[in-house]
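Reader: I am new to this structure and would like to be walked through it slowly. Could you take my questions one at a time?

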Amino acid sequence: MEKVGFLKINRILIFYMTITFCFLLSCKKESINKEAVIADNFIQLVDTFAYKTGTFIPVPFIEEEKFDSNKKQIIPKVPFSVNLVDSIVYDKIISRDINDLFSKNSKLDKLYGEILRKGKYENFQLTSHFPKSIGKYNIYTDSSIEKPNFVGEIELCNFKMYENKIMLVLIKSVGHSKRADLIIFKKTNNLWKIIDRANLFVS
């Protein structure tokens with residue numbers, strides 16, 4: 001009888017330990033390789049506008065520069081150089097711009113509002129393992145290095161994740177010109193892909 005009782009208690013303990021373990025696993029936040037998400041989608045993030053123009057942001061004189069004095073089209077030299085800010089941080093001013101965008105765009109709010117309201121902003125640093133070349137872009141993280149065929153700077157900020165979606169802001173800079181876009185990712189079949197974007201500002 002004592003042995004039966006002992007076995008019964010053991011089974012009850014194992015049962016509750018299993019339930020507790022499963023509960024802890026279900027509550028654990030999904031761990032993702034943020035750096036890989038950025039690297040795998042870098043071309044879609046940055047786009048290939050610079051492939052044709054030699055710059056991230058169109059400027060008034062770009063159309064004139066695309067042709068030489070003989071009216072022959074100038075083909076930009078490749079590969080292009082990009083300066084990538086390797087710290088992804090929270091920016092309070094950008095956060096206000098995001099809130100304004102969602103408040104003015106009901107469709108955007110309906111589709112992705114949960115990320116904004118339920119997600120949490122995360123700061124992180126890109127490591128030395130981030131690719132040094134993607135597509136036709138050579139990627140630098142040291143702004144002091146001279147870069148041939150420089151097309152502009154990339155900064156990522158206000159990274160936020162909720163369930164199977166990610167929101168972040170991409171800022172492209174060329175000289176004093178800047179363009180900021182809100183980028184939305186979704187995980188489908190274990191792959192993170194860009195599914196939408198919206199402009200925040202151009203200056």
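The questions and answers below go from the whole chain to single residues.

Reader: How many helices and strands are there in the protein chain?
Author: This is a predicted model, and what I say about the chain is computed from its atoms. Of the 203 residues of the protein chain, 34% count as buried, and the chain exposes about 13200 Å², of which carbon and sulfur atoms supply 56%. As for its elements, the protein chain contains seven helices and ten strands.

Reader: How many bridges join strand 9 to strand 10?
Author: Strand 9 and strand 10 form a hairpin with two residues between them, and in the turn Asn-189 has a positive phi of about 55°. The two strands run antiparallel, and the number of bridges that join strand 9 to strand 10 is ten.

Reader: Is Asn-190 buried or exposed?
Author: Asn-190 is found in the loop between strand 9 (177-188) and strand 10 (191-202), and its C-alpha is 9.7 Å from that of Asn-164, although the two are 26 residues apart in sequence. The relative accessible area of Asn-190 is 65%, and because the class of exposed residues begins over 50%, Asn-190 counts as exposed.

Reader: Which residue meets Asp-181 in a salt bridge?
Author: Asp-181 stands opposite Asn-199 in strand 10, and with a relative accessible area of 3% Asp-181 is buried. Side chains of opposite charge can pair when their charged atoms come close. Here the N to O distance is 2.9 Å, and the partner in the salt bridge with Asp-181 is Arg-179, a residue that at 33% relative accessibility counts as partly exposed. The name asked for is therefore Arg-179.

Reader: How many residues apart are Glu-122 and Lys-34?
Author: The side chains of Glu-122 and Lys-34 meet in a salt bridge, at 3.2 Å from N to O. The pair links distant parts of the chain, since Glu-122 lies in strand 3 (residues 120-122) and Lys-34 in helix 2 (residues 34-40).

Reader: By about how many helical turns are Glu-114 and Lys-118 separated?
Author: Glu-114, which is partly exposed with a relative accessible area of 40%, forms a salt bridge with Lys-118, and their closest N and O atoms are 3.2 Å apart. Both residues belong to helix 7 (residues 106-118), and because Glu-114 and Lys-118 are four residues apart there, the separation is about one helical turn.

Conventions
Residues numbered from 1 in each chain as written. Predicted model: local features only at pLDDT ≥ 70, side-chain atom pairs only at ≥ 80, totals over all residues. Heavy atoms only, no water. Buried < 20%, exposed > 50% of the residue type's maximum accessible area, 1.4 Å probe, protein only. Areas by Shrake-Rupley, 256 points an atom, 1.4 Å probe, with all protein chains shown as cover. Pairing = 2+ DSSP bridges. Salt bridge = Lys/Arg side-chain N within 4 Å of Asp/Glu carboxyl O.
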